[in-house]
Amino acid sequence: MKAVNWIRERGVMIFAILVVIYTLLPIAVIIAFSFNDPAGKFNFTWQGFTTQYWGDAFAISDLNKAMLTSLELAAAATIIATILGTMIALALVRYQFRGRRMANLLIVIPMTSPEVVIGAALLSMFVYFQVSTGFITLLIAHIMFSISFVVVVVRSRLIGFDRRLEEAARDLGADASTTFRTVTLPLIAPGLISAALLAFALSLDDFVISNFNSGTTVTFPLYIFGAAQRGIPVQVNVFATMLFMLTVVAMVVTVLQQRRAEKLASVRPDQEDGTTPGLPASAPATATS
Amino acid sequence: MKPPVRIVVALLGLVASALLAAGCSDLGAGGLDGPTETAEAAPGPGNGELTISNWPSYIDRNTVSDFEAKTGISVDYIEDVNDNNEFFSKLQPTLQNRDPAGRSIFVVTDWMANKMHNLGYLQKFDQKSVAPAMANLVPSLQHPAFDPNREFSLPWQSGMTGLVVNTAKAPDIKSINDIFDPQYKGKITVLSEMRDTVPLIMKADGINPEDATADDWLNAIDKLKEAVDSGQIIGVTGNSYINDMARGDVVAAIGWSGDAIQLQADDPDIQFVMPEQGCILWSDNMVIPVGAPNPAAAYEWMNYVYQPENQAQIANYNYYFSPVKGVKPYLKKINPEAAKSPLIFPTESFTKNCSTQPDPPRLDTAEIEKAFQSLVTGG
Amino acid sequence: MGAWAKSKGTPYFLMGPGLLWLTIFFVLPMLFMLSVSLYQGSLDTTFEMTWHFENFKTAITDFDTQFVRSFIYAGAATLLCLVIAYPLSYAIAFKAGRWRQVMLLCVIAPFFTTYLIRTYAWQTILSNDGTVVNVFQTLGILGDDGTLLKTPTAVIAGLTYNFLPFMVLPIYASLEQMDTRLIEAGRDLYSNARTAFFKITLPISMPGVIAGTLLTFIPAVGDYVNATFLGSPNQAMIGNVIQSQYLVTKDYPIAAAISFIMMALIVLMIAIYIKFAGEESLMGDEAEVVTAK
């Protein structure tokens with residue numbers, strides 16, 4: 001029996017490691033091909049090692065522009081969505097009010113709608129009102145689909161929040177805004193950062209909704225889609241590799257920071273074990289639990 | 001769980017009000033209100049910025065910077081036209097507002113230039129400003145049916161739609177009919193540009209595409225549909241077929257002449273094969289949209305690329321027909337091989353069976369386009 | 001509580017801007033789409049509201065194949081995700097020890113690296129001259145002429161890969177919350193790891209499984225990127241149809257009708273889910289739901 005158990009338990013772990021390899025495989029291909037030296041314009045057969053394209057990473061002006069547009073868009077969308085989403089999360093967790101069900105639905109349904117439908121619906125409306133599609137319509141869309149995810153992440157953070165800390169602050173004479181600034185905000189800050197990173201990543205990665213509402217504005221994913229038609233330049237792999245590295249760094253940093261925050265907050269007696277957003281994309285938050 | 005009656009009522013209310021609002025006002029019909037014939041683009045000093053939308057792989061690395069150095073105009077050259085329809089759909093919401101999204105030049109195929117013109121989205125050229133370019137336009141392209149006096153369009157490049165073949169893997173593909181050969185099942189693609197693909201199929205069936213009826217178009221589409229459904233034709237694509245060819249997954253395609261040459265860097269066996277039935281001839285045209293920010297710079301660009309020596313540089317890169325007179329001697333200097341290519345300077349015997357890209361019968365266009373689109377999305 | 005928090009209006013003030021945004025840019029567009037689905041005409045000619053319910057019939061009769069295909073592909077991918085994700089989540093939650101966060105990071109990080117490039121990488125991996133095809137041919141899984149690219153297999157594989165984290169995270173979250181003493185108690189009770197698993201672990205992780213299924217299936221059923229990059233026209237999904245109707249043929253009414261039918265089916269699925277699990281469970285409260293029962 002023990003032997004069977006041993007194999008079974010290792011079996012699960014071996015399977016898990018194989019899955020991890022599988023998830024990393026395309027990334028390995030992307031990174032490897034950022035060092036490829038293609039003969040023609042197509043970068044999908046291995047021709048030889050070169051670091052040339054890392055040196056010339058910013059040689060394609062269309063690509064740089066697309067990346068800049070994406071970064072601007074993601075930054076703007078993140079700031080606005082994080083503020084709006086955090087406010088909603090605060091309301092949901094801290095207040096009893098009529099219409100909670102409706103509010104919950106309004107938050108859940110956009111997350112569970114296919115992107116193609118969201119994109120198409122927004123375009124229908126923009127066309128109806130004869131709104132020129134472009135950066136602004138992209139921004140509107142990106143804020144819209146990020147809000148729900150921000151709510152989910154921040155909300156899960158707030159649920160585990162010990163409100164006695166705030167009460168203590170007020171007992172010590174702090175007014176509401178001082179309490180919010182000095183106690184509440186620092187404690188939910190890791191949640192806010194996770195939420196903001198998530199919103200940023202979602203915005204940076206979005207293709208489908210953007211494709212409907214971009215007009216002639218080109219974001220990084222839209223550039224890739226266009227370039228994929230005629231051979232993706234090696235620089236795209238370089239950019240993707242950099243993005244991957246940044247993601248890993250960002251995730252590691254959040255993990256460490258949250259650990260620190262949890263240590264600081266460990267004064268609370270009934271500490272819950274981290275956050276558990278049930279949603280995939282709330283990855284940074286989950287990774288910290 | 002409380003009965004969500006209130007939610008349902010609220011939603012119904014919203015639906016009803018939106019429907020009412022929609023019923024009262026019609027969606028803006030396409031095209032601009034008011035006169036569609038628009039004022040000629042006024043000439044002005046050539047400076048400032050110029051934004052151009054063109055197809056990818058259509059220009060060499062130096063032309064843009066040479067032009068900038070010579071004129072002081074700073075150019076934003078964007079390769080964002082991958083498909084006439086797709087480009088147009090993305091742009092239409094802004095074009096309707098007389099806003100061409102900052103662009104002063106688009107490059108679109110004949111029929112799309114015509115369509116944009118009919119919807120009132122294009123400016124007429126100021127003929128005086130564009131005269132130097134017009135003077136160098138080859139005679140065969142001076143009077144196309146859709147724009148007999150070149151009032152709003154000027155060719156960027158012309159080209160042929162025919163067969164792009166991996167001659168090592170499919171040596172015996174010579175005719176359009178050969179793409180239906182079962183031995184190449186699953187290794188054939190055709191273009192999603194309807195006016196390229198369907199006329200070639202009609203030619204293969206002995207129909208002259210220039211006077212084909214709606215039924216001829218629909219029959220050809222049916223024939224393609226069968227081949228797509230059976231898996232004989234594995235893709236109905238825009239530009240992206242060249243990926244599959246370079247990878248070796250596709251051995252023959254209905255494709256564009258310049259692509260074959262550009263693919264040879266990846267696979268020297270890839271050749272443009274003139275189909276026995278002839279090819280389809282088309283031009284991609286520079287047009288100036290209504291509301292273009294800097295038409296003067298647009299004219300400078302047109303005049304610049306219509307200088308034979310500048311044009312030679314472009315032709316040497318993309319291997320399409322050059323619409324400019326007197327390019328050959330200059331091309332000979334930089335690339336004697338290219339100057340001999342029938343793809344850049346077609347001889348009459350080479351293109352003798354070719355037809356100009358036709359439009360489907362006007363009244364049935366929508367139905368034919370819809371039938372064709374069902375090839376792309378299967379069914 | 002501070003004075004600002006006591007006011008009855010505060011929650012509405014806090015939620016107002018965000019919910020307004022969602023209403024104007026999500027709910028309203030959906031309603032517009034519904035209204036457009038009853039129009040006739042196209043953007044190039046004229047567009048008129050004619051209460052043309054026929055559009056819905058056309059949408060179904062013309063595109064039934066793609067509807068069915070989308071549900072089959074998305075269903076297959078969801079099932080595969082479940083089969084892959086459950087043991088993975090289980091291993092991460094209970095077996096990985098101090099490697100837990102590293103493994104989680106390895107599983108999640110790739111999914112923040114541009115969806116399109118990952119799918120494009122699969123094109124390279126699955127191409128006819130690629131390693132996978134060669135290995136499969138040697139093993140006899142594929143015939144000598146067998147290919148993977150532009151087959152249903154490739155599209156389903158792509159969907160599975162791209163939506164895997166949507167399955168892993170909810171399942172992991174529900175497992176990770178579990179009190180391991182429960183399992184120990186179960187082992188004592190049933191003296192059999194397998195029985196303990198089926199009687200205790202699986203039921204407790206069920207909300208995660210259901211949430212994961214929903215969250216994988218929905219984006220998968222509407223996806224068109226995988227079918228575009230890895231499939232041929234014979235693998236086109238309903239997302240491809242919506243995309244091409246909107247952005248190529250510009251038959252907005254039919255496209256709107258198709259989108260609406262899809263949306264209706266999905267809302268139905270969510271409604272059924274909520275009926276069993278409550279709407280807050282979709283926001284990450286599996287644990288609370290479990291303890292409440």
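Trainee: How many residues does the contact take from chain A and how many from chain C?

Mentor: Two residues are in contact if their C-beta atoms, placed from the backbone, lie within 7 Å. On that basis the contact takes 79 residues from chain A and 90 residues from chain C. This is a predicted model, in which local features need pLDDT of at least 70 and side-chain atom pairs count only at pLDDT 80 or more, while totals for chains, interfaces and linings use all residues. Residues are numbered from 1 along each chain as its sequence is written, and chains are lettered from A and ligands numbered from 1 in the order in which they are written.

Trainee: Which helix gives the most to the side of chain A that touches chain C?

Mentor: Helices are DSSP runs of H or I with at least four residues, strands are runs of E with at least two, and both are numbered from the N terminus. The most comes from helix α1 (residues 2–33) of chain A, with 15 residues.

Trainee: What classes of residue make up that side of chain A?

Mentor: Ala, Val, Leu, Ile, Met, Phe, Trp, Tyr, Cys and Pro count as nonpolar, Asp, Glu, Lys and Arg as charged, and the others, Gly among them, as polar. The side of chain A that touches chain C has 61 nonpolar, 13 polar and five charged residues.

Trainee: And what of chain A with chain B: how many residues does that contact take from each?

Mentor: Chain A gives 25 residues and chain B gives 27. On the side of chain A that touches chain B, the elements giving two or more residues are α4 (100–111), α5 (115–128) and α10 of chain A. That side divides into ten nonpolar, eleven polar and four charged residues.

Trainee: How is the packing of α3 and α10 of chain A described?

Mentor: Two packed helices are described by the angle between their axes and the distance between the axes. Axes are lines fitted to C-alpha atoms, for helices over the stretch in contact, and angles run from 0 to 180 degrees between N-to-C directions. Here α3 (residues 61–94) and α10 (residues 220–229) of chain A pack at an angle of about 145°, and their axes are 7 Å apart. From α3(A) the contact uses A:D62, A:L63, A:A66, A:M67 and A:S70, and from α10(A) it uses A:F220, A:L222 and A:Y223. By class there are six nonpolar, one polar and one charged residues in this contact.

Trainee: Is helix α11 of chain B largely enclosed or exposed?

Mentor: A residue is buried if 20 or more other C-beta atoms lie within 10 Å of its own, exposed if 12 or fewer, and partly exposed in between, with C-beta atoms placed from the backbone. Nine of the eleven residues of α11 (residues 308–318) of chain B are buried, so this helix is largely enclosed by the rest of the structure. Among the buried residues are B:N310, B:I314 and B:Y317. Their cover includes α2 (63–71), β4 (154–166) and α12 (328–334) of chain B. Just after α11(B), B:Y319 takes a positive phi of about 60°.

Trainee: Where does B:A371 lie, and what is it in contact with?

Mentor: B:A371 lies in helix α14 (residues 365–376) of chain B and counts as buried because it has 20 C-beta neighbours inside 10 Å. Leaving aside neighbours within four places in sequence, B:A371 is in contact with B:L218 and B:I221.

Trainee: What does the domain assignment of chain B give?

Mentor: Domain bounds come from an automatic or database domain assignment. For chain B these are domain 1 (49–152 + 288–306) and domain 2 (159–281 + 355–376). Taken over C-alpha atoms, the centres of the two domains of chain B are separated by 27 Å. Their contact takes seven residues from domain 1 and eight residues from domain 2.

Trainee: What is the mean pLDDT of chain B?

Mentor: pLDDT is the predictor's confidence in each residue, from 0 to 100. The mean for chain B is 86, and 88% of its residues reach 70 or more. Over residues 1–39 of chain B, pLDDT stays under 50.

Trainee: In chain C, where is the place of C:T114, and is it buried or exposed?

Mentor: C:T114 sits in the loop between α4 (100–108) and α5 (115–126) of chain C. Its phi is near 20°, a positive value in a residue other than glycine. C:T114 is buried, with 24 other C-beta atoms within 10 Å. C:K250, also not a glycine, has a positive phi of about 55° and lies in the loop between α11 (238–247) and α12 (252–277) of chain C. C:K250 counts as partly exposed, with 19 C-beta neighbours inside 10 Å.
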